[in-house]
Amino acid sequence: MNHVFRKLPVTVTQQASILSPSLCRTTPSIQHPVWCTASVGDREYKGMPTHGIGRWKYLLPRQAPKKKKDKTQMKQMVSATDTAYGTLNVKVSGYDMTVVEHYSQYIHNLCNRLGVQVAESYALPTKSTEVMLMQEQGNKMYVDAVLKTHQRVVQLSSLNTSLCPIFVDVLLKNQPEGVQLSVKEHTEADFQARFKARPELEGLIAQINQ
Amino acid sequence: MAAVCLQRLPVITADCSPIEQRFKQMMQQMELEKSLLSDHELRLMEDAERMSRKQGNEYDSDEEEGHGDQEIMLAQDLEDTWEQRFKSFQPAPRVRADLDKDLTSVQRCLADSLVLLAEQQVGAEKLWLLPQAAWQEGETLRQTAERALCSVTAAGFKATFLGNAPCGVYKYKLPKATRTESSVGTKVFFFKAILADSAPGTAPNTALLWVKKSELQKYLKPAYMMKVDRFILSL
């Protein structure tokens, strides 16, 4: 506690001396402690010499504050031109998750290398398929196995027509076993299919419309 | 002129080289040692424990709760039925030496990708080339390539063309005897296609071969081979 009180009169007098040296001629120099008489006029800042050395946010451009209530919008779909295809969905699906994921990572890395711009890379929900076999003796079906189909999608924003056959050829040659590859154009319906249906909301909207 | 490079993709995986095999074994062993027990293995252990307790003197069946179903069908029995089914399954042989030697069959060398070659009359001589056809007014080059596939092979191959852009070009000058005022030589544009189904409908009228990239050199002319080599990927 003592050191705080000791510092206060020092800073007050120093500030006064910086702002108006002429006024402070009246303040007796006895109030200044011995150890800061030499550098009184040179100090332009308060506190430590390194005050504010790590500030960087003031250098960034101004960003509008992010509202949390925005619904996730779809990224703009690029339309096909004469020399390039539009937004394409490369879908990889299979039963073995590690293989499917590694293949989709390989596709993503290949696109980065070749300069093809990747818009998004996401996973669709896993579908479980139950394999049921007929029992030998009876008529009942019993569950034999549960197979899970995993799907990963790499969305490319545009693909040059000249690059397309080479790209697809490389993908096909490197396709691992047990994995299906499909390349399709991206549609609004594809985007909407990723969201869960909200039956209560739809019911209320229908009621309002009626 | 437009030509089509029809490829049949490999049907089975290529065999691993010795280093790859050793690495694969090591990785499998590491993953096995690091992994947790699965549901089936836990059930096996529980059943074994229960059997040993049953054989013991102080066994009170009322103490066992909720295991009625599992006592009828033990996990070990399930495993035995699976083993039997596996033994009775006969997979098809991976490599068939007789088919591999038959250059005209589509089923040869299932682990590699094959390219279709056709013997065509060019000028005065018969050469082995990728199937090609002359371009006509009013059609795109890709349509010419599709026509080349249908007409030269006449075998009803179903192919998916990979794009509208050609992947390679070969130009040559005609010998002085056949040069006219307008055409000094020809350019051949190559288009890539992938074979969709492997059963051709009708018998082809021209000689067709399915060759691997390493065997291409025996059939193609050197200058032609140099250009074609650049776009055929051997992965």
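The model is predicted.

**Stop 1: the interface.** Select chain B and chain A together. The contact draws on 15 residues from chain A and 13 residues from chain B. About 1,200 Å² is buried between chain B and chain A. Carbon and sulfur atoms give 64% of that area. Now pick out B:Leu162, B:Leu233 and B:Leu235. These three supply 36% of the area that chain B buries against chain A, more than any other three residues.

Stop 2: How many salt bridges does the rule find across the interface of chain B and chain A? One. Select A:Asp169 and B:Lys192 to see a salt bridge between their side chains, at 2.7 Å from N to O. Across the interface of chain B and chain A there are also two residue pairs in polar contact, both at pLDDT 80 or more. Next, color the side of chain B that touches chain A by residue class. Its residues comprise six nonpolar, five polar and two charged.

**Stop 3: the nonpolar patch.** Move to chain A and show its surface. Select A:Met132, A:Met134, A:Met141, A:Val143 and A:Val146. Together they make a nonpolar surface patch of about 440 Å². Now switch to the cartoon. Which strands of chain A each supply at least two residues of the nonpolar patch? They are strand S3 (118-134) and strand S4 (141-156). S4(A) gives the largest share of the patch, three residues. End on A:Met132, which sits in strand S3 of chain A.

Definitions and conventions
Residues are numbered from 1 along each chain as its sequence is written. Chains are lettered from A and ligands numbered from 1 in the order in which they are written. This is a predicted model: local features need pLDDT of at least 70, side-chain atom pairs count only at pLDDT 80 or more; totals for chains, interfaces and linings use all residues. Side-chain values use heavy atoms; hydrogens and water are left out. Contact means heavy atoms within 4.5 Å. Buried area is the accessible area (1.4 Å probe) that two parts lose on being put together, summed over both. A salt bridge is a side-chain nitrogen of Lys or Arg within 4 Å of a carboxyl oxygen of Asp or Glu. A polar contact is a pair of N or O atoms within 3.5 Å; within protein, one must be able to donate a hydrogen and the other to accept it, and residues adjacent in sequence count only if both atoms are side-chain atoms. Ala, Val, Leu, Ile, Met, Phe, Trp, Tyr, Cys and Pro count as nonpolar, Asp, Glu, Lys and Arg as charged, and the others, Gly among them, as polar. Patches are made of residues with over 30% relative accessible area and no salt bridge: like charges are joined within 9 Å, nonpolar side chains (Val, Leu, Ile, Met, Phe, Trp, Tyr) within 5 Å. Accessible areas come from the Shrake-Rupley method with a 1.4 Å probe; for residues, only the protein chains shown count as cover. Helices (H or I, at least four residues) and strands (E, at least two) are DSSP runs, numbered from the N terminus.
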